[in-house]
Amino acid sequence: MAGLLGIEDLSRDEIRSILDRARDFQQTPSQPVRKYELLRGKMIVNLFFESSTRTRTSFEIAAKRLGADAVSITASGSSVSKGESLVDTLNTLGAMRPNGIVMRHAASGAPHFLARHLAIPIINAGDGTHEHPTQALLDARTILDHRESLEGLRVAIIGDIAHSRVARSNMYLLSKFGAQVVLCGPPTLLPAEFAQLARGVTLTWDMHEAIEGADVIMMLRVQLERQNETPFPASEYFSFYGLRLEHISLAKPDVLVMHPGPINRGRELSSEVADSQRSVILNQVENGVAVRMAVLERMLN
Ligand code: NCD
């Protein structure tokens, strides 16, 4: 595997081995942070053309915990804001001879373009509305910390499905392992074609139907930055698609509530739910580091 561009291209065995390795890197909060020498002498460039808190910092922490050097470049602080083209930025970075590049870009397919240009591993940290593979991997790691297997689980993914790379990558991964995925959102944000993207995927506009008997509820942010028009009245969104405590009783008693972050309290979920016992949102963040360590180790060695 020369890099990681999407979940769609990965086999079950490849996914399983990343998730197993990530378990070795999970750390308990009570113990001092463990550092490794596995990528000593390697340099990783984090190239972020879109804003990010969790993904960028966790890639940086993951690289450093493995003993690698990590440099982060954000579009606003780089020559991209001075009008440099993507190819020129890439050639400049390539000349600095990094061992791998982690890239986030607003255009779907941007990391694939980069991978065709540079002969080093490229890791997709989110490309437009296409994929966000490490998010799906850390989500799977989080679910598997609480469940024996993904097979047969009912996973409701609720919110702005149309613009979500998180939904796509999760759908591909969960479907490969035999989970049942129910996508739910307002009709304008739930394209009918999604039912054909992967096996075991169904669609509903009704949040109650989506949550009924769910093992996992994954909430998504409304991605206003990707919408060119107003797809629904903002004031009504929370009453139809916002997750509240009263919904939780429709799901399995041990349901996991997830969210890739950043969360908007009172918009896609209530504060009570975000802070409830059922929420594993911060576990997802923690697993982000472990999973990205497993990915970097595999791609760069
Ligand atoms: C997501 C993203 O950027 O795709 N966030 C993340 O990586 N944790 C989802 C989002 O921005 O809503």
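Is the crossing of H2 and H12 right-handed or left-handed? In this predicted model, the crossing of these two helices is right-handed.

**Helix H2 against helix H12**

Let's start with that pair. Helix H2 covers residues 54-65 and helix H12 covers residues 281-300; their axes come within 8 Å and cross at roughly 55°. That angle makes H2 oblique to H12. On the H2 side, the contact is made by Arg54, Thr55, Ser58, Phe59, Ile61, Ala62, Ala63 and Arg65. Facing them from H12 are Val285, Gly288, Val289, Arg292, Met293 and Leu296. Sorted by class, the contact of H2 with H12 has eight nonpolar, three polar and three charged residues.

**Helix H1 against helix H5**

A second pair is worth a look alongside it. Helix H1 (residues 12-25) packs with helix H5 (residues 133-144) at an angle of about 65°, and their axes are 10 Å apart. The crossing of H1 and H5 is right-handed. From H1, the contact draws on Ile15, Ile18, Leu19, Asp20, Ala22 and Arg23, while H5 supplies Leu137, Ala140, Arg141 and Leu144. By class, the contact of H1 with H5 divides into seven nonpolar, no polar and three charged residues.

**Salt bridges**

How many salt bridges does the structure hold? The count is 13, and the table gives some of them.

| Salt bridge | N to O distance |
|---|---|
| Arg16 and Asp13 | 3.0 Å |
| Asp20 and Arg23 | 3.6 Å |
| Arg244 and Glu246 | 3.5 Å |

Helix H1 comes up again here. Arg16 and Asp13 both lie in helix H1, three residues apart, which is about one turn of the helix. Is Asp13 buried or exposed? Asp13 counts as exposed because its relative accessibility is 53%.

Finally, salt bridges that share partners join Arg21, Asp24 and Glu297 into one network.

Methods: Residues are numbered from 1 along each chain as its sequence is written. This is a predicted model: local features need pLDDT of at least 70, side-chain atom pairs count only at pLDDT 80 or more; totals for chains, interfaces and linings use all residues. Side-chain values use heavy atoms; hydrogens and water are left out. Axes are lines fitted to C-alpha atoms, for helices over the stretch in contact, and angles run from 0 to 180 degrees between N-to-C directions. Helices (H or I, at least four residues) and strands (E, at least two) are DSSP runs, numbered from the N terminus. Angles under 35 degrees count as roughly parallel, over 145 as roughly antiparallel, 65 to 115 as roughly perpendicular and the rest as oblique. A crossing is left-handed if the near helix is turned anticlockwise from the far one by less than a right angle, and right-handed if clockwise. Contact means heavy atoms within 4.5 Å. Ala, Val, Leu, Ile, Met, Phe, Trp, Tyr, Cys and Pro count as nonpolar, Asp, Glu, Lys and Arg as charged, and the others, Gly among them, as polar. A salt bridge is a side-chain nitrogen of Lys or Arg within 4 Å of a carboxyl oxygen of Asp or Glu. Buried means under 20% relative accessible area, exposed over 50%, partly exposed in between (1.4 Å probe, protein chains only).
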